[in-house]
Amino acid sequence: MRKFLAKNAPGYVFLSPWLIGFLFLALGPILVSLYLSFTKYDMIGDPRWVGLSQYEYMFTKDKRFWKSLQVTFTYVILAVPARLAFALMIAMVLDKGIRAIGIYRALYYLPSILGASIAIAILWRQIFNIDGVVNAFLSMFGIQGPNWIANPDTSLYTLVVLAMWQFGSPMLIFLAGLRGISPELYEAAEIDAASKPRQFFAITLPLLAPVIFFNIILQTIEAFKTFSSAFIISNGDGSPADSLLFFTIYLFNEAFKFFRMGYASALAWTLLVIIGAFTALSFFASKYWVHYENEKD
Amino acid sequence: MAESITTYDKNADAAEVSKKLRAARVKRENRQGLRKHLFLGIFALFMLYPLLWMLASSLKPENEIFGRLSIWPSEFIWSNYTEGWMRLQVSFTQFYSNSALVTILSVIGNLISCSFAAYAFARLTFSWSKFWFALMMMTLMIPYHVVLIPQYVMFLKLGWIDTYLPLVVPRFLASDAFFIFLMVQFFRQLPRELDEAASIDGCSPYKIYWAIIMPLSMPAMATAGIFSFIWVWEDFLAPLIYLNDIQNYTVPLALRLFVAEDSQSAYGQMFAMSILSLVPVLLFFVIFQKLIIKGIAMSGLK
Amino acid sequence: MKKFNRRKILKGMAIGTGGVAASSMFGTSAFAADERIRHFWWGNPSRDERTYKVIDLFKGANAGVEVSGETVGWGDYWTKMATQTAGKNMADLVQMDYRFLFEYVRRGALLPLDDYFNNTLFLDDFDKSAISGGIVDGKLYALNIGSNSQVCIYNTAMVEAAGAEFDPINWSHKDQMAVAQKISESTPDGVHGVDDATLDNVMWEVWSRQSGKPFYGPEGTVDGTVADLEKFWEHWAEMRASGAAPDAEHSVGKLGSKMAESGVVTQETAMSYMWSNQIVGVQSLSKDIIGAAMHPHMDGGDPGQFIKPSMFMALTRDSKNPELAVQYMNAWVNDAEATAVLGLERGIPASSKVRDALAPNFSDAEKVSVDYFNAIQTKVGTLSPPPPKGAGETQDAYVRVATNVILGNTSIKDGATAFIDEANSIIDRAS
């Protein structure tokens, strides 16, 4: 018993703030939402148990559910790699010592600070309008662009561009990761006359792997849960013609606009299973490409 | 003796080569520097545009903000700033101090509690650790909107509605798994030998956390600090739900009072106050990003 | 002429019942210390300012009474409201919208006001029609704090410059097309006569009423027909083709835009559709003078427009002090000082006495708004039957289908059938 305590005590002492928060603040609401997913609940009266029928409706009758999955998956597949590649590239440029680097960093982080404010909604609409900046630029090459946000075929891409443009947070994390790589490693590589791409694949990539892994996981989870930016640009309901019907937008409307919190909870747990499966897969795959310093010996 | 001399020479050679290499690199980098600045500068313009646009809008007369007019205001309405500050029932001085209180406490709470949990997950062995880790990851995945109501009911029962407790207390209990996972990834990158050596010297895990892990993790902590400052400062959903009295409102909540979908808004004043609300964020960013750079000095320890 | 008659009638009503309304709600203080009520509304800077002033007046007149004013924007209001409702922690008094009233009443979140009638709440000076908007299933659940109706606003300078003339109260869809075409022709490219109404659910409802069928029947069924919807969309397709209305993409781009982005304010169009309590707001954003016209009539059709409460105040089931809350409510609509502060901001007051008291101080835009309101009194139809559960969702579905129709992704015929089908299945699922 004493041995057990000695082995576990420090771990649980350090874990205790999280554990207390999880057990007393987070777990209850999570379990309640699971329970609600088996009920009809309009938030004014009491929930009414309906078993699996919410899930059944979702998978067999609800066309908008499938539409929202399609929109969300398309977005995840396009936005996550683009944003990460962009963030890594800029982080590597900004990592090396050049003058006034702090200013660039602040500038590049700026769009992310603006987040999903009302200002961004207005700005984005103006930029991608029929006579906006983007089309003015395209017309220099003789291309007449559409009204990007109003066209259901193109509206999703404006959100992908927005995601790329707000690459600040993964960039900053990459930057912090790059800082952890000792410059001596690169110097040694220079002595060995290793080319820049080779240095990237032999040093940067393996040593940055834990951080890359973190960014992939988190960015993907965030992309699956995209809400604020889609909400402000789609007028809150996925317009035009459901082309911006992200999963969480659908869920939010079902819950707070149409008084179907039970159904919204079922949607949430379906999303949770999807994201969970993806994350578990990534963790499993990471054994083959992510190695940590503290596992080496 | 002879052996030691050759070794010395070898070292000298290596040092010489390394010196030359560095000099060559500096030269090359200076040449490249100009090109880089050009690239970075042009690129920065794209990044800067929204801010310039917001700044311009904050100075425009109300009916010019949405037209197809140029970004340059036809006349400068500086009063958007002075009047905007006092426009709402409560002045922005109050909103700023509310926001500052919530944000500072939250950043402190996040950094302490999340680094605790991360240290446990990354460096300590204890039973069920994988299980708790999986649950922690799960809290990241659940859409916030479906736990909103049960959480509200819970805080209501605790009598915490219209106080800052629902905003601050969870942060001292590591509610944001993002930061835990972030720190875990960084802590796991630190060489294991450090704690092992310290542990042999009789250091307790508590001492190791404080004297070894923390100092070596400045880039990660600074990153987490920046993120939590920005996210809490800008957070609007939780304050919307938990704060009722306008006296308690935070800045983002107040900003939304300027705009109404279906009636007259005060866009100019909203933009003016939005610009001002960026100032603390930028200041915090500039100060803390220096700590990320400092990481390089620390990594010499490796 | 009409206006004069209207005034006279209202005055007569006021005299006939005058003096019953508690002379000043702020005069008496019947409450012990730390009595507290909460009032929750969606607002804008000017509305918030006025409302807090009224709260101060009420507190000043009732020592020991605390009124907590809670305000957020429209978009945030319903999220917070639903959360508080679920937590059984609603404010004593909430602002209600016609669209959501029935949802909240039928789910049991609001209390009827009938018991307070004529002992705490005095509505003698109210127009009868204005009271009826808050009656659900035979009981009064919500108090009208401002009335409005649909309106076609127009930029008088642009209409004049085009040399177009029309009778803003009596004109047909054909007249409007001619006027709009004239304006489009006389203005630079990209400026059009009238905003497209294809995506506008309210306009469709008006059209359906003009065709003799309110969209929802008295039993809560979908009574609007595929044929009428086709005609409505065809009419607007013609408006686009003739150049009277802007192209489809422009209109989709304006979906959900704020008042300051609307075509009349940015001068991209000369005419547009709104609610009459928005006239003052639009005027404040425009350099040119804004006029108010009725929606064009259908030849030989029924009246399409109706007058409805723009906003309500309602008492919730979570109120801990309903008596005090209703007293506050009464002061809101009757007290001279309070109503003077509130003005027309939330809509035209339902009390004739209040309207008369406000009249001398109207601004030009307010005059336009009130004159319009008076002029349409005999031209509007009765209020449609209360919409069934799920009506809000149907509106979203309408916009979705209409977007596909206007962009040409769906034919008018298929779209109309699809929407009526979807409306039926939404109502089925909700009930």
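This is a predicted model: local features need pLDDT of at least 70, side-chain atom pairs count only at pLDDT 80 or more; totals for chains, interfaces and linings use all residues.
Local features need pLDDT of at least 70 and side-chain atom pairs count only at pLDDT 80 or more, whereas totals for chains, interfaces and linings use all residues. Residues are numbered from 1 along each chain as its sequence is written, chains are lettered from A, and side-chain values use heavy atoms, without hydrogens and water.

- Helix α8 of chain B spans residues 192-200; helices are DSSP runs of H or I, at least four residues long, numbered from the N terminus.
- Within α8(B), R192(B), D195(B) and A198(B) are buried, that is, under 20% relative accessible area with a 1.4 Å probe and protein chains only.
- These residues lie on the same side of α8(B), because they cover an arc of only 140° around the axis, taken from the directions from the helix axis to the C-beta atoms.
- The buried residues of α8(B) pack against α3 (92-123) and α9 (205-216) of chain B.
- Just after α8(B), G202(B) has a positive phi of about 95°.

**Domain interface**

- Chain B is divided into domain 1 (2-64) and domain 2 (89-301), with bounds from an automatic or database domain assignment.
- In chain B, 7 residues of domain 1 are in contact with 9 residues of domain 2, contact meaning heavy atoms within 4.5 Å.
- Domain 1 and domain 2 of chain B bury about 660 Å² between them, 76% of it on carbon and sulfur atoms; buried area is the accessible area (1.4 Å probe) that two parts lose on being put together, summed over both.
- M54(B), S58(B) and E62(B) supply 64% of the area that domain 1 of chain B buries against domain 2 of chain B, more than any other three residues.

Note on methods: Buried means under 20% relative accessible area, exposed over 50%, partly exposed in between (1.4 Å probe, protein chains only). Helices (H or I, at least four residues) and strands (E, at least two) are DSSP runs, numbered from the N terminus.
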